[in-house]
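My notes follow the order in which I looked things up.

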Amino acid sequence: MPTPLRRFYRALLARFGPQHWWPGETPFEIVVGAILTQNTSWTNVEKAMARLKAAAVLSVEGLETTAEPQLAELIRSSGYYHQKARNLKAFLTYLRREHGGSLDRMFALPTPRLRRELLQIRGIGEETADSILLYGGGHASFVVDAYTRRILERHSLIEGNASYQDIQELFHRRVPPDAQVYNEFHALLVEAGKRHCLRAGPRCAGCPLERFPHGAE
DNA sequence: TGCCAGGCCGGGT
DNA sequence: ACCCGGCATGGC
């Protein structure tokens, strides 16, 4: 991984240490979490996940046999809950129809094909698809979120009008396609965003990347 | 009290 | 190909 993304990664790792995101959860819980966390704080998602667990429906069969209005009520705390209940149902329908309800079979698909299939599902856009691929299935598909965009733009690694695909291609070209590295890199960007570059403003004070060399690749 | 959080969809230009 | 309003709760 050549400069400057490599130094960027090193600086983040040195400052924040390994993140080990989403440990101890099953791939299915990661899929559900990826849908529920869209434009929503993780604390609100945790409440929803806890309610699904308490109702013993946090599984493929569990969600399949839960009526959509009831599902909506269980995930209420995650916001947009009618939309998200519908979206979860859409994913379950896809999983059953195309892969016999088996996440293992789904994740066994080649990355590009699975990504295309996920993007066909209502409620799954690029970031959610990549989150499912990377965190749920260990596919090396880089996740580009608001933090990633904000930090890279602030440090002049991308232009303000860069598309999702532009940014993802930057990582895919410059970072070896290793899911562990993608996982860690993205988690570090989120942590840096939360801690230093969160709100609008000229520049984050005390940012560990402040002395990072500017100029695009 | 108002703003925002690890987006996405559908309709309009 | 972009742009925008709508979707909704909980925390600070």
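**Entry 1. Domains**

I note at the outset that this is a predicted model. I looked up the domain bounds and found chain A divided into domain 1, covering 5–20 + 142–195, and domain 2, covering 27–137. I then took the distance between the centres of domain 1 and domain 2 over C-alpha atoms, which is 24 Å. For the contact between the two, I recorded eight residues of domain 1 against six residues of domain 2. On the domain 1 side, helix α12 (residues 179–195) provides the largest share, three residues. I classed that side of domain 1 as six nonpolar, one polar and one charged residues.

**Entry 2. α1 with α12**

I next examined helix α1 (residues 5–16) against α12 and read an angle of about 65 degrees, with the axes 10 Å apart. I logged this crossing of α1 and α12 as left-handed. From α1 the contact draws on Tyr 9, Leu 12, Leu 13 and Phe 16, and from α12 on Phe 185, Leu 188, Glu 191 and Ala 192. By class I recorded seven nonpolar residues, no polar residues and one charged residue in the contact of α1 with α12.

I turned to helix α8 (residues 111–120) and helix α9 (residues 126–137), which pack at an angle of about 135 degrees with their axes 9 Å apart. The crossing in which α8 passes α9 is right-handed. On the α8 side I listed Thr 111, Leu 114, Arg 115, Leu 118 and Leu 119, and on the α9 side Ala 129, Ile 132 and Leu 133. I classed the residues of the α8 contact with α9 as six nonpolar, one polar and one charged.

I then checked helix α2 (residues 27–36) against α9: the axes come within 9 Å and cross at roughly 160 degrees. That angle makes α2 roughly antiparallel to α9. I found that α2, too, passes α9 in a right-handed crossing. In α2, Pro 27, Ile 30, Val 31, Ala 34 and Ile 35 meet Thr 128, Ser 131, Ile 132, Tyr 135, Gly 136 and Gly 137 of α9. The contact of α2 with α9 has seven nonpolar, four polar and no charged residues.

**Entry 3. DNA strand B**

Which residues are closest to DNA strand B? I counted 22 residues around DNA strand B, and the closest are Gln 38, Asn 39, Gly 125, Thr 128 and Ala 146. Two or more residues of this surface come from each of α9, α10 (146–154) and α12. I noted α9 as the source of the largest share, four residues. The surface near DNA strand B divides into seven nonpolar, ten polar and five charged residues.

**Entry 4. DNA strand C**

I finished with DNA strand C, which 13 residues surround; the closest are Ser 77, Gly 79, Tyr 80, His 82 and Gln 83. I found that α3 (42–54) and α6 (81–99) each supply at least two residues of this surface. The largest share, three residues, comes from α6. By class I recorded two nonpolar, ten polar and one charged residues for the surface near DNA strand C.

Technical notes:
Residues are numbered from 1 along each chain as its sequence is written. Chains are lettered from A and ligands numbered from 1 in the order in which they are written. This is a predicted model: local features need pLDDT of at least 70, side-chain atom pairs count only at pLDDT 80 or more; totals for chains, interfaces and linings use all residues. A residue is near a molecule or strand if its C-beta atom, placed from the backbone, lies within 6 Å of it. Ala, Val, Leu, Ile, Met, Phe, Trp, Tyr, Cys and Pro count as nonpolar, Asp, Glu, Lys and Arg as charged, and the others, Gly among them, as polar. Domain bounds come from an automatic or database domain assignment. Two residues are in contact if their C-beta atoms, placed from the backbone, lie within 7 Å. Axes are lines fitted to C-alpha atoms, for helices over the stretch in contact, and angles run from 0 to 180 degrees between N-to-C directions. A crossing is left-handed if the near helix is turned anticlockwise from the far one by less than a right angle, and right-handed if clockwise. Angles under 35 degrees count as roughly parallel, over 145 as roughly antiparallel, 65 to 115 as roughly perpendicular and the rest as oblique.
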